[in-house]
Amino acid sequence: MNRRFLFLLGSSRPDGNTELLARRAAEQLPAHVEQRWISLAEHPLSEFEDLRHDSDHTRPTEGAEALLLDATLAATDLVIASPLYWYSLSAPVKRYLDHWSGWLRTPGLDFRATLAGRTLWGVTVLAHEEQEVADPLVGSLNNSAAYMGMRFGGVLLGNGSKPGDVLRDTEALARAKTFFAQEPPLARFPYESAEAPATT
């Protein structure tokens, strides 16, 4: 299968530091690799409704949910680009992942089987110098990938607060050059391995 990267932008601000870092990493992808960029702020999802004990979910046919579902199913590589908000994922990204719960329970969709073996990546920029504060975000993505049977490429971390700050983080920019070149392993829950979730 030809690789198709889906970049999901989870910031409430266009052209923010996280998007800038993600685009620097994406510049290194070969020209034949398809890239699709979707801003969750521009395509907001409705609040997720949990129907698992009441009725089946139905496949969405229009709006943001249909767009994001189809884009997710088509991607071989899914990149969550979320700033570190209160030490975890942004609200639009969390809502998107909540909708996975419905897609898992949509008859005929085979959502989990389709994503199994594909790769989840993360990109985030934080204001802290101490990267450990991003562990909840890294853990959330790693565990989501593990549950889905996906590979996990880790999280590309950068530092910045004001717009454009990350472009002065030379270490993050250097890591971005090889971030997508690695061969990601199958994700594992922390209790399945002594190794912590990967950060880059």
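I looked up Y96 and W103 and found both buried (under 20% relative accessible area with a 1.4 Å probe, protein chains only). The model is predicted, with local features taken at pLDDT of at least 70, side-chain atom pairs at 80 or more, and totals for linings from all residues. I number residues from 1 along each chain, and side-chain values use heavy atoms, without hydrogens or water.

I then searched the whole structure for aromatic pairs and got 14. Rings of Phe, Tyr and Trp (its six-membered ring) pair if their centres lie within 6.5 Å; planes under 30 degrees apart are stacked, over 60 edge-to-face, the rest tilted. Y96 and W103 make an edge-to-face pair, 6.0 Å centre to centre with 70° between the planes.

Next I checked W121 and F179. Their ring centres are 5.2 Å apart and their planes stand at 65°, so this pair is edge-to-face. It links distant parts of the chain, 58 residues apart: W121 is in strand 4 (residues 119–126), F179 in the segment after helix 6 (170–176). Strands (E, at least two residues) and helices (H or I, at least four) are DSSP runs, numbered from the N terminus. I noted W121 and F179 as buried too.

Last, I looked for charges over rings (NZ of Lys or CZ of Arg within 6 Å of the ring centre and within 35 degrees of the ring normal). The charged end of R23 sits over W37, 3.9 Å from the ring centre. R112 has its charged end over the ring of Y147, 4.0 Å from the centre.

Terms used:
Buried means under 20% relative accessible area, exposed over 50%, partly exposed in between (1.4 Å probe, protein chains only).
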